[in-house]
Amino acid sequence: MTITDDTLMKTLREVVAEKPTHVYEGPQDSERDDDCLYVHRDEAGAIEGPGCVMGHVLHRLGVPLECLVTSEGLAIVSVLGRLAPGISPTTQGVLQRVQQLQDEGSPWSEAYELATGHSAIPEPPSGSEPPSGD
């Protein structure tokens, strides 16, 4: 799949909507408290799966976890420069802000909303009423 501004933002919204209250925590065996990793490994060092929100997004877009492992320690803008060099500065800025807010402990939906000004969770159609408790 070709990674574009649209596919990145759409996939980010989907990932966040699936886990809106998720607060990222680095691996327990991390050497630093502030380690935020694109990929998490098990105790034996084997790849478990994506870690941070951008690890989830990029993996869902087809980036192999083995490729993301080589990007550990790099800012998301640098990673995108290697994987998808055509991404606009505006999108890069939004993704960097989401990543930063996540790294600071914000739930994914809050990070998304603060970075984009929009909610990742679709609102019910207008005029629809909540179900009654009858």
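Biologist: Is H40 buried or exposed, and what is its relative accessible area?

Modeller: This is a predicted model. The general idea is a cut-off: buried means under 20% relative accessible area. H40 has a relative accessible area of 14%, so H40 is buried.

Biologist: Where does H40 sit?

Modeller: H40 lies in strand β1, residues 39-41.

Biologist: Which residues is H40 in contact with, leaving aside its neighbours within four places in sequence?

Modeller: One group is Y24, E25, G26 and P27, and these are among the contacts of H40. The list also includes A46, I47, E48, G49, P50 and G51.

Biologist: Which residue with a positive phi follows α2?

Modeller: G62 follows α2, and its phi is near 105 degrees.

Biologist: What describes two packed helices?

Modeller: Two values do: the angle between their axes and the distance between the axes. Take α4 (residues 76-83) and α5 (residues 89-103). Their axes come within 9 Å and cross at roughly 135 degrees. That angle makes α4 oblique to α5. The crossing of α4 past α5 is right-handed.

Biologist: Which residues make that contact of α4 and α5?

Modeller: From α4 come I76, V77 and L80. From α5 come Q92, L95 and Q96. Sorted by kind, the contact of α4 with α5 has 4 nonpolar residues, 2 polar and no charged.

Biologist: Why do residues three or four places apart point the same way in an α-helix?

Modeller: An α-helix has 3.6 residues a turn, so residues at that spacing point the same way. With that in mind, look at the other contact of α5. V94, R97, V98, L101 and Q102 in α5 meet residues of α6. Their partners in α6 are W108, A111, Y112, L114, A115 and T116.

Biologist: What kinds of residue form the contact of α5 with α6?

Modeller: The count is 8 nonpolar, 2 polar and 1 charged.

Biologist: At what angle do α5 and α6 pack, and how far apart are their axes?

Modeller: The angle is about 145 degrees, and the axes of α5 and α6 are 8 Å apart. The crossing of α5 and α6 is right-handed.

Conventions: Residues are numbered from 1 along each chain as its sequence is written. This is a predicted model: local features need pLDDT of at least 70, side-chain atom pairs count only at pLDDT 80 or more; totals for chains, interfaces and linings use all residues. Side-chain values use heavy atoms; hydrogens and water are left out. Axes are lines fitted to C-alpha atoms, for helices over the stretch in contact, and angles run from 0 to 180 degrees between N-to-C directions. Helices (H or I, at least four residues) and strands (E, at least two) are DSSP runs, numbered from the N terminus. Angles under 35 degrees count as roughly parallel, over 145 as roughly antiparallel, 65 to 115 as roughly perpendicular and the rest as oblique. A crossing is left-handed if the near helix is turned anticlockwise from the far one by less than a right angle, and right-handed if clockwise. Contact means heavy atoms within 4.5 Å. Ala, Val, Leu, Ile, Met, Phe, Trp, Tyr, Cys and Pro count as nonpolar, Asp, Glu, Lys and Arg as charged, and the others, Gly among them, as polar. Buried means under 20% relative accessible area, exposed over 50%, partly exposed in between (1.4 Å probe, protein chains only).
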